[in-house]
Amino acid sequence: MRDLLETDPWIYNQILDETTRQRTGLELVPSENYVSKAVMQAMGSPLTNKYSEGYPGKRYYGGQEYVDNIELLAIKRARELFGAEHVNVQPYSGSPANHAVFFALMTLGEKFMGMDLGCGGHLTHGSKVNFSGKHYDVASYRVDRETGLIDMDEVRKIALRERPKVIISSLTSYPRRLDFQAFQEVCEEVDAYHLADISHIAGLIVGGVHESPFPYVDVVTTTTHKTLRGPRGALIMSRTENRLHDEHFRGSKKNLAQLIDSAVFPGLQGGPHVHMIAAKAVALREAARPEFKGYARQVVRNARALADELMAQGLKLVTDGTDNHLMVIDLRPLGYGGKGKYVQNALDVAGITVNKNAVPYDDASPFNPSGIRLGTPALTTQGMKENEMEKIGEWLGNAVKNYHDVGLLKKMRQEVTKLASEFPLYPEYEVLRDPYQVQNPIHELVKR
Ligand SMILES: *Cc1c(COP(=O)(O)O)cnc(C)c1O
């Protein structure tokens with residue numbers, strides 16, 4: 001990155017510092033991962049210069065020979081990997097992908113059903129502060145208050161009462177499996193579209209450790225940067241033909257695939273980010289390798305080992321465990337209800353990165369909720385296994401229970417760094433470290 005250093009030593013240094021933070025700490029945010037250098041090289045390529053509005057063979061600009069090859073290859077790989085009929089690889093990220101599907105399947109103000117944010121759904125599944133909650137009518141379902149599990153009878157009851165146009169099966173902080181088949185049965189009973197948003201679990205599905213939503217569902221959205229371990233971005237996958245022939249599409253000759261493509265472009269986006277599409281293609285190739293199955297299996301094994309250790313430490317986990325890559329600590333039994341932010345900040349001192357999160361039926365505010373969400377995708381990419389999870393679980397238990405104890409957290413930071421250094425990440429960045437010793441102006445920015 002010598003050119004970056006010459007042009008902008010401040011940004012250069014921040015990138016190095018962030019890289020060092022990633023290399024010396026423990027990353028337990030379940031939506032994060034570490035991409036390969038190959039994926040980063042595709043992202044940092046001259047493809048970023050190209051405008052290519054439209055789709056392969058139907059562009060609005062010249063010079064598309066190689067761009068078309070790249071997009072077609074990304075589509076082919078996604079189709080093969082997931083078993084999808086139709087794929088759109090252009091969405092900029094997960095939220096715009098969901099926006100496009102809503103745009104394709106509903107008129108403004110129509111009703112859909114998604115899981116309540118506090119119970120493990122995503123912002124784009126009907127939160128009041130998001131387009132999904134502002135522009136559409138939302139009927140949320142929640143998990144069972146006692147077990148913390150999705151109750152499909154309850155989902156069916158709400159669907160029969162509310163008659164939504166779309167039902168979303170998905171999770172962002174739900175630590176158990178999704179029963180796509182059961183959701184599909186409800187969708188068919190009430191003539192709703194089934195949107196499976198597999199953003200969090202795409203890598204587990206590809207790796208064969210979570211049931212696939214194919215071939216049941218109508219539409220699947222996924223981010224590419226979570227368990228799938230690709231660049232920031234998203235995919236929309238769907239059937240080609242429309243299963244439902246409803247009011248909205250009367251008079252339209254478009255099938256489901258065409259509805260989705262035209263919702264992405266020209267509906268919501270302009271030029272696709274070709275460098276990101278290329279990086280998605282690279283990540284899809286990596287995910288098709290046999291090693292990726294081993295990775296996905298280890299992610300789940302590690303999550304189970306970490307959850308077991310946390311519970312052995314006396315911590316309460318939502319649903320008392322995990323089936324996937326993530327878990328949520330319920331801080332309320334420790335008397336730390338509404339203290340999620342402080343626990344998160346304390347863990348930052350120890351070099352352990354997590355994210356505060358609501359627990360189901362949380363009375364506390366979203367800025368200071370009662371839960372801590374953690375997951376194992378990043379640490380597993382780094383090469384850690386059950387033994388390390390046990391050690392990390394022990395530290396976590398200790399740190400959460402004693403989050404006021406700065407001395408303990410600082411001492412823990414040294415052990416954390418030592419463990420992280422045994423699993424080197426992006427080692428080439430070390431040699432580039434800060435040769436000019438440039439003073440960052442960042443303190444002025446922080447004062448603001
Ligand atoms: C992360 C996530 C998204 C949004 O992805 P962004 O890329 O952050 O916009 C959408 N749905 C689910 C279920 C997610 O977990």
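## Buried cysteines

Cysteine 187 counts as buried, with a relative accessibility of 0%. Cysteine 119 is buried too, at 3% relative accessibility. Both values come from a predicted model.

## No disulfides

How many disulfides are there? The count is zero. A disulfide needs two cysteine sulfur atoms within 2.5 Å. The sulfur of cysteine 119 has its closest cysteine sulfur in cysteine 187, 19 Å away, so the gap is too far for a bond. Cysteine 187 is likewise in no disulfide, and its nearest cysteine sulfur is that of cysteine 119.

## Helix 5 against helix 10

Two packed helices are described by the angle between their axes and the distance between the axes. Here the pair is helix 5, residues 94-105, and helix 10, residues 256-268. They pack at about 120 degrees. Their axes lie 8 Å apart. Angles of 65 to 115 degrees would count as roughly perpendicular, and those over 145 as roughly antiparallel. The angle therefore makes helix 5 oblique to helix 10. The crossing of helix 5 past helix 10 is right-handed.

## The contact residues

Helix 5 contributes Pro96, His99, Ala100, Phe103, Ala104 and Leu105 to the contact. From helix 10 come Leu256, Leu259, Ile260, Ala263, Val264, Gly267 and Leu268.

Definitions and conventions. Residues are numbered from 1 along each chain as its sequence is written. This is a predicted model: local features need pLDDT of at least 70, side-chain atom pairs count only at pLDDT 80 or more; totals for chains, interfaces and linings use all residues. Side-chain values use heavy atoms; hydrogens and water are left out. Buried means under 20% relative accessible area, exposed over 50%, partly exposed in between (1.4 Å probe, protein chains only). Axes are lines fitted to C-alpha atoms, for helices over the stretch in contact, and angles run from 0 to 180 degrees between N-to-C directions. Helices (H or I, at least four residues) and strands (E, at least two) are DSSP runs, numbered from the N terminus. Angles under 35 degrees count as roughly parallel, over 145 as roughly antiparallel, 65 to 115 as roughly perpendicular and the rest as oblique. A crossing is left-handed if the near helix is turned anticlockwise from the far one by less than a right angle, and right-handed if clockwise. Contact means heavy atoms within 4.5 Å.
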